[in-house]
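Here is a friendly walk through a model, from a loop to a helix and on to its charged pairs. Please keep the structure open beside the text as you read.

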Amino acid sequence: IVLGLGAIFGWRSWQANTIANLESASNTYQSALVATGFNDREEARKQAMEVVTNYESTGYAIYARLILAYIDNLESKYDSAEEHLKIALEKTENDSIRHEINLRLARIYIANKKADQALTIVTSGDPGNFAAQYNEIKGDVYVEQGKVDEARQAYQQAITDSESLAFDPRILNFKIENLR
């Protein structure tokens, strides 16, 4: 009876601790989001780093790394943004999030003049429902490389891929027009 009661109380204590840990991670992450929304980069970075440091085992750490990569990108700290995205990519098991991270990583590579690495990301694997976004970035890579015809084809494919989505192709049309 004592062992059974001890197991029950131990289990409940562990569950309560887990819930409290997740609530704390959620609150800290929420603070990082709010600070990001107010463009308070310092506070957003502080809160996101707290999530990454203290709640690495939660899903919030992946999203906190996305915030950190976003801030680093705004501050042209591309190597640091790249590192945050690679860690988030390594830790996530969700395919949609994996695609979003890959798209962001490819954009970071373009900004950091690593077009070949960006092209590798957008041409490997099945893009699934993200084909339009992958093709848009592929076009951006080709523009960076001076391959105008390939860029035009990639942008056209992105428009075609986006027809079934609630996606406004005006930006893609603008990019095509600027290729001339």
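Predicted model: local features only at pLDDT ≥ 70, side-chain atom pairs only at ≥ 80, totals over all residues.

Residues are numbered from 1 along each chain as its sequence is written, and side-chain values use heavy atoms, with hydrogens and water left out.

Ser 76 has a phi near 60°, a positive value in a residue other than glycine. With 46% relative accessibility, Ser 76 counts as partly exposed; the scale used calls a residue buried under 20% relative accessible area, exposed over 50%, and partly exposed in between, with a 1.4 Å probe and protein chains only. Lys 113 is also not a glycine, and its phi is positive at about 60°. You will find Lys 113 in the loop between H5 and H6. At 63% relative accessibility, Lys 113 counts as exposed.

**Helix H5**

H5 covers residues 95-111, and its 17 residues reach 24 Å from the first C-alpha to the last, close to the 24 Å expected at 1.5 Å a residue. The expected span is 1.5 Å times one less than the number of residues in the helix.

At the N-terminal end, Asn 94 caps H5, with a side-chain oxygen 2.8 Å from the backbone nitrogen of Ser 96.

Which residues of H5 are buried? They are Ile 97, His 99, Ile 101, Asn 102, Leu 103, Leu 105, Ala 106, Ile 108, Tyr 109 and Ile 110. The cover over these buried residues includes helix H3 (60-74), helix H4 (78-91), helix H6 (115-123) and helix H7 (131-144).

Asn 102 has a relative accessible area of 15% and is buried. Leaving aside neighbours within four places in sequence, Asn 102 is in contact (heavy atoms within 4.5 Å) with Leu 89, Ile 121 and Tyr 134. Tyr 109, also placed in helix H5, counts as buried at 5% relative accessibility. With neighbours within four places again set aside, the contacts of Tyr 109 are Glu 82, Lys 86, Lys 114, Ala 115, Gln 117, Ala 118 and Ile 121. Tyr 109 and Glu 144 are 35 residues apart in sequence, and their C-alpha atoms are 11 Å apart in space.

**Salt bridges**

Side chains of opposite charge can pair when their charged atoms come close. Here a salt bridge is a side-chain nitrogen of Lys or Arg within 4 Å of a carboxyl oxygen of Asp or Glu, and by this rule the count comes to 14 salt bridges. Some of them are listed below.

| Salt bridge | N to O distance |
|---|---|
| Arg 45 and Asp 72 | 2.8 Å |
| Arg 104 and Glu 100 | 3.1 Å |
| Asp 149 and Arg 152 | 3.5 Å |

Arg 45 and Asp 72 form a salt bridge that links distant parts of the chain: Arg 45 is in helix H2 (residues 41-54) and Asp 72 is in helix H3, 27 residues apart. Arg 45 is partly exposed, with a relative accessible area of 23%, whereas Asp 72 counts as buried at 0% relative accessibility. Both belong to a network of salt bridges that links Arg 41, Arg 45, Asp 72, Glu 75 and Lys 77.

Arg 104 and Glu 100 are separated by about one helical turn because they are four residues apart in helix H5. An α-helix has 3.6 residues a turn, so residues three or four places apart point the same way. Arg 104 is partly exposed at 32% relative accessibility, and Glu 100 is partly exposed with a relative accessible area of 29%.

Asp 149 and Arg 152 both lie in helix H8 (residues 148-162), three residues apart, about one turn of the helix. Asp 149 counts as exposed at 53% relative accessibility, while Arg 152 counts as partly exposed at 28%.

Notes
Helix = DSSP H or I, 4+ residues; strand = E, 2+ residues; numbered from the N terminus. Polar contact = N/O pair within 3.5 Å; in protein donor to acceptor, adjacent residues only side chain to side chain.
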